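Subject: Structure handover

Hello,

Here is the structure for you to look through. My notes on what was found follow below it.

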Amino acid sequence: MALDYGRKRVGLAISDRMRLVARPLGTYAQEEALRVLLEQVRREAVAVLVVGWPLDMRGQPQEMAREVAAYMRRIKHLAPELELVRWDERLSTVRAQQMLREGGVKRKNRQNKARLDQAAAALLLQEYLDFLRLCPQQDGTSSSP
């Protein structure tokens, strides 16, 4: 699974069991996102959560990184078995807008922030899944993220 954290909304995404394709799961308020996340962890035996890590263009953590880290601590407290992976989210919203545009989504719907958040989460997860296929030695888990 993956999440794209925001102060108002959290975008979630999940992969298929074969870890080939990421798909958006939805966009939720922070507390609701925790509930949905924990439900998916239990139902789908999710072992890895990819978390968008906010970096500036020089690769340094942005101010929002503290909030993301606090949210990650809450998740770890609620699901200690879950492996949390920080994933560079630089330009993820721009790439998500491009992905939606290429997918034929109308401009009005591409500007919908809830849709963008879940698309960004799916994009982060797909990047991670692609990375694992290219670098399988990096994968220490057997369950789907």
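Buried means under 20% relative accessible area, exposed means over 50%, and partly exposed is in between, with a 1.4 Å probe and protein chains only. By that scale, Leu-20 is partly exposed because its relative accessibility is 37%.

Some ground rules. This is a predicted model, in which local features need pLDDT of at least 70 and side-chain atom pairs count only at pLDDT 80 or more, while totals for chains, interfaces and linings use all residues. Residues are numbered from 1 along each chain as its sequence is written, and side-chain values use heavy atoms, leaving out hydrogens and water.

Surface patch

Leu-20 sits in the loop between strand 2 (10-15) and strand 3 (22-28). Helices (H or I, at least four residues) and strands (E, at least two) are DSSP runs, numbered from the N terminus. With Met-18 and Val-21, Leu-20 forms a nonpolar surface patch of about 310 Å² accessible area together. Areas come from the Shrake-Rupley method with a 1.4 Å probe; for residues, only the protein chains shown count as cover. Patch residues have over 30% relative accessible area and no salt bridge; nonpolar side chains (Val, Leu, Ile, Met, Phe, Trp, Tyr) are joined within 5 Å, like charges within 9 Å.

Aromatic rings

Rings of Phe, Tyr and Trp (its six-membered ring) pair if their centres lie within 6.5 Å; planes under 30 degrees apart are stacked, over 60 edge-to-face, the rest tilted. That rule gives three aromatic pairs. Trp-87 and Tyr-128 are edge-to-face, because their ring centres are 5.4 Å apart and their planes stand at 85 degrees. Trp-87 is in strand 5 (residues 83-88) and Tyr-128 in helix 5 (residues 113-134), so the pair ties together parts 41 residues apart in sequence. Both Trp-87 and Tyr-128 are buried.

Salt bridges

The count is eight, taking a salt bridge as a side-chain nitrogen of Lys or Arg within 4 Å of a carboxyl oxygen of Asp or Glu.

- Glu-39 bridges to Arg-35, with closest N and O atoms 3.2 Å apart. Both lie in helix 1 (residues 30-44), four residues apart, about one turn of the helix. Glu-32, Arg-35, Glu-39 and Arg-43 are linked in a salt-bridge network.
- Arg-58 bridges to Asp-56 at 3.1 Å. Arg-58 is exposed at 69%, whereas Asp-56 is buried at 17%.
- Asp-130 meets Arg-133 at 2.3 Å, N to O. Both lie in helix 5, three residues apart.

Best wishes
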